[in-house]
Amino acid sequence: MDTLPTWIAGSEDLFSHLVTTVPWRAERRQMYDRVVDVPRLACFYERSDPLPHPLLNEVRGALNDHYASELGEPFVTAGMCYYRDGADSVAWHGDRIGRSKTEDTMVAILSLGEARPLLLRPNGGGRSLRFPIGHGDLLVMGGSCQRTWEHCVPKTARPVGPRISIQFRPRDVR
Ligand SMILES: O=C(O)CCC(=O)C(=O)O
Ligand SMILES: [Fe+2]
């Protein structure tokens, strides 16, 4: 796990740009053996899709400069998730669709807008680690984290503003 608070300057402008220009959709997602509704909006940018803001190309480039040698390949896709308020969330899961089911990998998350805690715990339970991320913070999960740990963004009854999460992943990892 790496974290870098306030990695991106000007994250408020990027946040408002993405809120209005990304074609957000209600999400359904394969989790474990089921397809479940995930209460948040999402949009997935494949490797060939132009990213919706030039700063995101710089972000991906900087991540690749720093991590591609350790990862052995570049980050190519960008998953975007929009948590409109505290009722939006994602349940405990690992990003295990594709090669990440059996191989070590990395998932780098740039977080914009209101900070929401991302929790991590060993598979199936145990004490969780809590990372409140938002406002341009970077969090990178590497190694076996997707296979041997789970993460979630829980709902909260507190009044919270919207948050956008951008996950950069290598090919065939989701
Ligand atoms: O909101 C986040 O930063 C986490 C998103 C996530 O875990 C996922 O989409 O796989
Ligand atoms: Fe995830």
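I started with histidine 135, which counts as partly exposed because it has 18 C-beta neighbours inside 10 Å. The cut-offs I used: buried means 20 or more other C-beta atoms within 10 Å of a residue's own, exposed means 12 or fewer, and partly exposed is in between, with C-beta atoms placed from the backbone. Histidine 135 sits in the loop between β8 (129-133) and β9 (137-141). Its phi is near 50°, a positive value in a residue other than glycine. I noted that most residues other than glycine have a negative phi.

Ground rules before going on. This is a predicted model, where local features need pLDDT of at least 70, side-chain atom pairs count only at pLDDT 80 or more, and totals for chains, interfaces and linings use all residues. Residues are numbered from 1 along each chain as its sequence is written, while chains are lettered from A and ligands numbered from 1 in the order in which they are written.

Next I looked up aspartate 172, another non-glycine with a positive phi, about 60°. Aspartate 172 is in the segment after β11, and it is partly exposed, with 13 other C-beta atoms within 10 Å.

How confident is the predictor? The chain averages a pLDDT of 94 (the predictor's confidence in each residue, from 0 to 100). I also wrote down that 97% of the residues score at least 70. For the complex, the predictor gives an ipTM of 0.99 and a pTM of 0.95.

Then the overall layout. I have three helices and eleven strands in the chain; these are DSSP runs numbered from the N terminus, helices being H or I of at least four residues and strands E of at least two. Read along the sequence, the pattern is β-α-β-β-α-β-β-β-β-β-β-α-β-β. Of the 174 residues, 32% count as buried.

Which residues of helix α1 (residues 11-21) are buried? I get Ser11, Leu14, Phe15 and Leu18. Seen down the axis of α1, they fall within an arc of 100°, so they line one face of the helix; the arc is that of the directions from the helix axis to the C-beta atoms. On the face turned away from that buried side I found the exposed residues Glu12, Asp13, Thr20 and Thr21. What covers the buried residues of α1 includes α2 (54-71), β4 (77-83), β6 (107-113) and β11 (163-169).

From β11 I picked arginine 163. Arginine 163 is buried, with 24 other C-beta atoms within 10 Å. Leaving out residues up to four places away in sequence, it touches Tyr83, Ser111, Leu112, Gly113, Glu114, Arg116 and Gly134, where contact means C-beta atoms, placed from the backbone, within 7 Å.

Last, strand β10 (residues 149-153). It pairs in the antiparallel sense with β5 (residues 90-93) over two bridges, and valine 90 stands opposite valine 153 in β10. I count a pair if DSSP finds at least two bridges between the strands. β7 (residues 116-122) is also antiparallel to β10, over four bridges, with arginine 121 opposite glutamate 150.

Definitions and conventions:
Contact = placed C-beta atoms within 7 Å.
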